[in-house]
Amino acid sequence: MATLMNRTRSSLLHGIRSYAKVATGTDIISAASNASLQKARTWDDGVASKFSTTPINDIFKDKKVVIFGLPGAYTGVCSTKHVPAYKDNIEKFKAKGIDSVICVAINDPYTVNAWAEKLQAKDAIEFYGDFDGSFHKSLELTTDLSGALLGTRSERWSAYVVDGKVKALNVEEAPSDVKVSGAETILGQI
């Protein structure tokens with residue numbers, strides 16, 4: 001038991017949650033096979049698309065992707081630190097051959113869209129909603145933020161994924177931290 005606790009503590013200190021369903025080496029397409037995400041869009045675009053969703057396979061298959069999850073649209077650290085760092089480093093990601101940088105939150109795609117527009121980040125980053133949290137739940141990357149009146153939300157995390165395989169994963173210890181899930185960290189892992 002002490003060994004497991006030490007291994008888990010060590011993993012947390014290094015930003016890796018070895019006890020979660022997703023870890024370095026995981027096939028994210030298989031792990032989240034029953035989930036889909038909703039591309040950020042206006043309500044009218046949602047109606048026009050018959051409320052379409054994007055299968056996980058379409059996001060990751062045959063691509064190099066950097067994806068980061070955060071507790072929610074319009075929240076403090078997400079708006080002031082996490083997204084801006086990825087937006088400001090988009091050219092560095094492209095120079096490393098990344099096909100897309102994706103931000104995902106447990107929010108509806110309309111809220112995510114309005115927030116992305118407010119941050120003026122839609123030209124650099126692809127934004128997706130995980131309206132029911134199914135993607136994050138399937139990866140065991142949820143946290144209870146009821147104390148902040150947010151309910152079930154995404155952990156703050158980032159991953160480098162190549163053709164569906166997780167090459168690097170970083171999960172913050174606290175939702176207000178951007179110590180291991182920021183743009184500079186993942187750039188160094190590519």
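**Salt bridges and aromatic pairs**

Okay, let's start with lysine 92: at a relative accessible area of 46%, lysine 92 is partly exposed. On this scale, buried means under 20% relative accessible area, exposed means over 50%, and partly exposed is in between, with a 1.4 Å probe and protein chains only.

Quick word on what you're looking at. This is a predicted model, where local features need pLDDT of at least 70, side-chain atom pairs count only at pLDDT 80 or more, and totals for chains, interfaces and linings use all residues. Residues are numbered from 1 along each chain as its sequence is written, and side-chain values use heavy atoms, with hydrogens and water left out.

So what does lysine 92 pair with? Lysine 92 forms a salt bridge with glutamate 184, and their closest N and O atoms are 3.8 Å apart. By salt bridge I mean a side-chain nitrogen of Lys or Arg within 4 Å of a carboxyl oxygen of Asp or Glu. Glutamate 184 sits in helix 9 (residues 183-189) and lysine 92 in helix 6 (residues 90-95), so this pair ties together parts that are 92 residues apart in sequence. Helices here are DSSP runs of H or I with at least four residues, strands are E runs of at least two, and both are numbered from the N terminus. Glutamate 184 counts as exposed, at 53% relative accessibility.

How many salt bridges turn up in the whole structure? The search finds 4. Another one of them joins aspartate 27 to lysine 165, with 3.5 Å between the closest N and O atoms. Aspartate 27 is in the loop between helix 1 (2-13) and helix 2 (28-31), while lysine 165 is in strand 9 (residues 165-171), so the parts tied together are 138 residues apart in sequence. Aspartate 27 is partly exposed at 24%, and lysine 165 is partly exposed at 36%.

Then there's lysine 39 with glutamate 126, a salt bridge with closest N and O atoms 3.6 Å apart. This one links strand 1 (residues 36-39) to strand 5 (residues 126-129), so it ties together parts 87 residues apart in sequence.

Now, the rings. The whole structure has 5 aromatic pairs, meaning Phe, Tyr or Trp rings (six-membered ring for Trp) with centres within 6.5 Å; planes under 30 degrees apart are stacked, over 60 edge-to-face, and the rest tilted. Among the pairs, tryptophan 43 and phenylalanine 51 are tilted, 5.2 Å centre to centre with 55° between the planes. Phenylalanine 51 is partly exposed, at 41% relative accessibility. And Trp43, Phe51 and Tyr110 make up one aromatic cluster.
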